[in-house]
Amino acid sequence: MKTIIKHVLYDILRSRIVLAYTVFMLVLAFGLFNLEGDPAKSLLSLLNVVLLVVPLISIVFATTHFYNSYEFMELLMAQPVNRKKIFLSEYLAVALSLSAAYVVGIGVPVLLYGANATALFLLAVGVGITFVFVALAFLASVVTRDKAKGIGVALLLWVYFALIYDGIVIFILYFFSEYPLEKASLAMIALNPIDLGRIVVMLNLDVSALMGYTGALYKSMFGSGTGVAISFGILLLWVLFPLLTSKRIFSKKDI
Amino acid sequence: MIEIKNLCKSYGKLKVLQDVSVKFERGMVVSVIGPNGSGKTTMSKCILGMALPDSGDILLNGKSVLKQHDYRSQIGYMPQIGRYPENMKIRQVISMMKDIRKEVKQLDEELVGLYGLEQMYDKRMGTLSGGTKQKVSAALAFMFNPGILILDEPTAGLDPISAEILKSKILKEKKKGKLILITSHIMSEIEEVADEVMCLVDGNLKFFESISAIKEHANEERLSKAIAKIMNEED
């Protein structure tokens, strides 16, 4: 498995997209830290941009990579290599290289401008989201052999989680505002990895004090050590579910 | 050595293989023939585990190969159309395969030499012509000294000299007692290298006989005529 991961990593590094992604993240983070005097505020803006950009880049890059690697996988399948290992190696290589790009791109500026617990959460959440969206991308890629369709499905997933889902949640909250919705909204957050990541970071910022009763409930839920552990546990489920589903589909596919 | 039992495979509604049962022994050179779309490539892919059978079983030395992967170390496969990562150089493809098959100590790089692939090592796979890709496929299929060779239309797309090199390589490996499966449409070529002919029509096994038996059966000197005769007879 290590050998395959190594060769996939060579392939990814040759394309230089990951390098461009790192530079982009560096520029973005340095820019935001220089724009705002208060590192806490720039961290908040950084969070918002990161939660939009990281899922998008992860899902698009992973989907195109998967389709471009079809020949490579075909070549390996005639060799004495387990299909599941080929699939998992592809996943790990893509997820790890994107995570590394993210950690370098965001981590270096954060270290320079004052690292605190919140910044660490931002890094961890970004890595978690990368793993989730690479897994979703692989799921979209194994569903169809058509590259254009696969990328379309991947983009739809991104639009849904990054934009539409929040709209639905706000609509529900507004429509049922007469009812106590704290528990329900907690569940709704768990159903979207991006929201989950946002809440985890926000509640470790001071701004949560402004969020009233609901904020207090969230704080008691997510702010504590167990809350954070539960959130990352749910994030892990978000990785495992699409990953294992797509692995199953892949190992039953005719090449 | 390889035993196929009641193999069925369909793609959607299209039944590609229907209840095919055959047995190949060590030292045989079997030519798989049949019209286009009769399931020849699908059968090879089922043996390799690239296409998964709907029902039936494939045994290699008495053990089922379904859901297994280690058995593929005994098989060298040359696909009909070799597809390779476009941005990799020939050198990288070959060294990657060697890296993945590290356990094989005795490499057979005869074809790499005969085809002069070393001189082209720095060309990218995407820029190669179909014939050159075939040469790379052939070199890779023989490289790890497998006991079984599955060659899917090996000489289609090769120039006559390269095809000749490949044929003499096949005959050389045959002498070592390997099992070689070749799908081909070129009868003269089949007569040169193969002993047995397996014929598939619409996913059904039509016949599986030795070349001499076929000629005798049809009472014809030439294989192409003999086969045409048999096909017409049974229609």
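Trainee: What should I know before reading the numbers?

Mentor: Residues are numbered from 1 along each chain as its sequence is written, and chains are lettered from A in the order in which they are written. The model is predicted, and local features need pLDDT of at least 70, side-chain atom pairs count only at pLDDT 80 or more, and totals for chains, interfaces and linings use all residues.

Trainee: How many helices and strands are there in chain A?

Mentor: Helices (H or I, at least four residues) and strands (E, at least two) are DSSP runs, numbered from the N terminus. Chain A has 11 helices and zero strands. Its radius of gyration, taken over C-alpha atoms, is 19 Å, close to the 18 Å that the globule rule (2.2 Å times the number of residues to the power 0.38) gives for 255 residues, so chain A is as compact as a globular protein of that length.

Trainee: Is strand 7 of chain B buried or exposed?

Mentor: A residue is buried if 20 or more other C-beta atoms, placed from the backbone, lie within 10 Å of its own, exposed if 12 or fewer, and partly exposed in between. In strand 7 (residues 148–152) of chain B, five of five residues are buried.

Trainee: Which way do its residues point?

Mentor: In a regular strand the side chains alternate between the two faces of the sheet. Here B:Ile148, B:Ile150 and B:Asp152 point one way, and B:Leu149 and B:Leu151 the other way.

Trainee: Which strand does strand 7 of chain B join over five bridges?

Mentor: Two strands pair if DSSP finds at least two bridges between them. Strand 7 runs parallel to strand 8 (residues 179–183) of chain B, with B:Asp152 opposite B:Thr183.
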